[in-house]
Amino acid sequence: MDKSRVLICSAWPYASGTPHLGNLVSSLLSGDVFARYYRLRGKEVLYVSGTDAHGTKIEFEARKLGITPLELATRTHEAICEILRAFGIVFDNYTTTECETHKRFVHDIYLDIEKNGYIKTQLESRAYCKPCQRFLADRFISGTCPRCGFASALGDQCDSCGSILEPEELVSPTCSFCGHSDIEFRETKHWYLDLPKLAKALTSYVTSRGFQGNVHLFTQQMIDDGLKPRAMTRDIDWGIPAPFEGAEGKVIYVWGEAALGYVSAVIEHFRGGERWKDFWFGDDVFQIYAIGKDNIPFHSLIFPGQLISSGRGYHLPDQIAATEYLNWIGGDSFSKTRGVGLYCDEALRVMDAEFWRFYLLYNRPEARDVNFSWEELEKAVNGILISNVANLINRVLSFVQTHQGGVVPDVPADGEVVERLAKTVAAYEKAVDAGLLGTALRSACDLAVFGNEYFQRKRPWATKDGSAVASAAHLVKGMAILLLPYVPKFASSVLRVLLVDPPTWGDLERPLGGTSVTSDRVLLERIDVESIRGQVTAKGAAPSGGVPATVSFEEFAKLEFRVGVIREAAAVTGASRLVKLTVDLGTETRTCVAGIRESYEPTELVGKSVVVVTNLEKRTIRGIESEAMLLAAQGSPLALIGPERPVEPGTPVG
């Protein structure tokens with residue numbers, strides 16, 4: 001890629017709640033890897049995104065919580081910023097669609113689009129909930145997708161097949177607020193982006209970019225089906241007021257303004273002036289969009305259509321790096337309501353962010369949907385990162401420190417090693433340039449397999465072969481540079497020992513001979529996957545794909561609940577959240593391991609009456625067999641559930 005500037009944009013997380021692991025890997029984390037990589041390549045990089053503060057989803061969640069949408073958006077934005085810092089995701093500007101720069105830009109560009117003849121109005125019948133007395137747009141209404149039959153499609157999009165929908169297309173729709181189907185269709189006026197008028201320009205643009213994989217499939221399907229006008233206004237209260245004459249009381253559709261935030265975020269970053277134009281006009285810039293596949297049509301057709309119809313001559317997206325879905329165990333989609341999956345704030349409590357980065361990116365869903373797997377977590381972190389990669393790095397650095405006086409032998413590296421590294425770098429570059437970050441990471445990790453075999457075969461401790469040591473150090477340096485965009489804390493610590501700080505892409509070929517390394521050790525401790533799994537299970541995430549939205553009475557009746565009294569409580573060594581409990585159930589005692597230490601000190605638990613599920617399958621957590629589960633109300637802090645007045649241990653609950 002021969003452009004001097006690279007603009008990285010990642011999809012905007014909704015302000016309705018914290019992102020889950022699938023959101024993280026598809027957009028925010030992937031964008032961070034792209035940004036770090038192209039900076040290593042010497043490009044002028046700008047990485048922008050922000051919290052999507054508007055739309056029906058935020059208004060809906062705020063109403064449930066009894067707060068204003070602005071309060072929810074502000075609270076969630078602050079929480080997401082904390083998550084970004086914890087995961088080491090670095091933006092040049094992470095903003096919000098509530099910022100004044102964005103509101104002003106959206107207002108102005110829509111007036112340009114209207115002036116250029118690409119906005120049309122239409123009187124139409126829209127879904128209206130009679131009990132709630134409100135129009136139902138986007139997330140306010142759900143039903144069966146008319147195209148694929150998915151039962152939980154929303155009023156603007158089906159998350160299963162990716163089809164862009166209108167509320168009136170849904171089969172058997174219901175109101176998201178009251179759950180009723182007492183819906184009628186009332187006449188209202190809306191303003192549309194005239195996509196059919198843009199069809200020729202958009203087809204030419206899509207052809208020029210040569211999109212591949214899921215981006216090509218989703219985009220071409222929409223073109224083949226015939227582009228249709230897309231409503232850009234909504235009859236809701238929360239959002240950016242529509243600037244069109246006669247559109248008083250209406251707001252811009254959330255996906256009609258969110259992607260425009262990529263432009264306004266750059267303008268905001270440069271505080272106006274002219275520098276922002278370097279990333280939005282001309283040919284000396286390459287734009288990359290890190291998103292999930294559900295957002296493809298908005299980035300490949302609607303957003304480019306907005307830019308084209310503005311008449312301003314904006315640079316259009318070059319690469320859309322869209323992942324498939326990361327689902328929870330068993331293929332279920334993430335859902336906080338149903339207790340399915342792991343969200344970013346929860347993930348940070350049970351494992352170091354650097355390990356999450358590695359696992360998620362190593363298993364990045366690029367060719368097909370991927371299910372979260374405890375076995376794959378064990379394999380990626382303990383098997384590959386620690387046993388292969390970190391093991392080779394420590395073997396080589398320790399050898400230089402203890403057997404070479406801390407100096408890399410000043411001799412050329414073996415041709416075998418130089419050639420293998422060069423081939424890996426070429427494959428890595430090709431993969432990243434194609435948006436295949438997981439493929440690139442796996443190629444870098446394969447170097448560790450080669451390196452361990454090489455070091456063992458050369459046996460420098462016996463042969464005193466200085467060239468073998470220099471070659472192994474050269475390989476370690478190269479591997480650390482390739483790992484830097486993925487696990488920056490770990491890779492940086494390795495490069496500092498080798499005095500390659502700050503690193504550049506040119507350092508991949510630069511010899512290390514004669515370098516005096518520091519005496520620091522670079523160590524990674526293995527993770528206890530069973531302990532992590534136990535903590536996740538204890539906090540309520542369903543370990544096998546989650547419970548369904550409804551449970552039959554017969555299934556629920558299989559669970560046995562009893563009152564228990566905690567007789568003993570002790571912290572579990574090496575686990576900050578776990579407590580080992582002995583629970584008296586009247587005729588017997590049971591051992592229970594619970595992730596409640598952040599909410600209760602062990603000493604305050606003794607003598608407490610609790611409700612216990614007694615017939616769940618036993619699970620071993622940190623080597624302790626847990627024979628029961630306590631019930632607790634989720635929150636911060638947790639609240640254990642128990643009887644309101646004293647009852648005998650073992651009393652059934654039902």
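**Entry: the second largest cavity**

I began with the second largest cavity, and I found it lined by Tyr-14, His-54, Gly-55, Thr-56, Lys-57, Ile-58, Asp-138, Arg-139, Asp-156 and Val-254. I noted that this is a predicted model, in which local features need pLDDT of at least 70 and side-chain atom pairs count only at pLDDT 80 or more, while totals for chains, interfaces and linings use all residues. Residues are numbered from 1 along each chain as its sequence is written, and side-chain values use heavy atoms, with hydrogens and water left out.

For the term itself I wrote down that a cavity is a set of points, on a 1 Å grid over the protein atoms alone, where a 1.4 Å probe fits but cannot get out, and that lining residues have an atom within 4 Å of a point. The volume is the space filled by probe spheres set on the points, which are joined across faces, edges and corners. The second largest cavity holds about 40 Å³ of space. Helix H2 (residues 56-65) gives the largest share of this lining, three residues; helices are DSSP runs of H or I with at least four residues, strands are runs of E with at least two, and both are numbered from the N terminus. I sorted the lining by class and got three nonpolar, three polar and four charged residues, where Ala, Val, Leu, Ile, Met, Phe, Trp, Tyr, Cys and Pro count as nonpolar, Asp, Glu, Lys and Arg as charged, and the others, Gly among them, as polar.

**Entry: the largest cavity**

How many cavities of 30 Å³ or more are there by this rule? The count comes to two, and about 80 Å³ of space lies in the largest. Its lining includes Arg-126, Phe-135, Asp-138, His-190 and Asp-235, and the elements that give two or more residues to it are strand S4 (119-129) and strand S11 (233-234). By class, I noted six nonpolar, two polar and four charged residues in the lining of the largest cavity.

**Entry: aromatic rings**

I then searched the whole structure for aromatic pairs and found 36; rings of Phe, Tyr and Trp (its six-membered ring) pair if their centres lie within 6.5 Å, and planes under 30 degrees apart count as stacked, over 60 as edge-to-face and the rest as tilted. Trp-328 and Trp-374 form an edge-to-face pair, with 6.3 Å centre to centre and 85° between the planes. Why does this pair tie together parts that are 46 residues apart in sequence? It does so because Trp-328 lies in the loop between strand S15 (326-327) and helix H10 (344-350), whereas Trp-374 lies in helix H12 (residues 374-403). Trp-328 is buried at 0% relative accessibility, and Trp-374 is buried at 4%, where buried means under 20% relative accessible area, exposed over 50% and partly exposed in between, with a 1.4 Å probe and protein chains only.

Tyr-359 and Phe-372 form another edge-to-face pair, with 5.5 Å between centres and 75° between planes. Tyr-359 is buried, with a relative accessible area of 2%, and Phe-372 also counts as buried, at 2%.

**Entry: charges over rings**

I looked up where the charged end of Arg-186 sits, and found it over the ring of Tyr-128, 3.7 Å from the ring centre. The charged end of Arg-442 sits over the ring of Tyr-362, 5.9 Å from its centre; the rule asks for NZ of Lys or CZ of Arg within 6 Å of the ring centre and within 35 degrees of the ring normal.

Notes
On a 1 Å grid over the protein atoms alone, a cavity is a set of points where a 1.4 Å probe fits but cannot get out, and a pocket is an open set with protein on both sides within 12 Å along at least five of seven lines; lining residues have an atom within 4 Å of a point.
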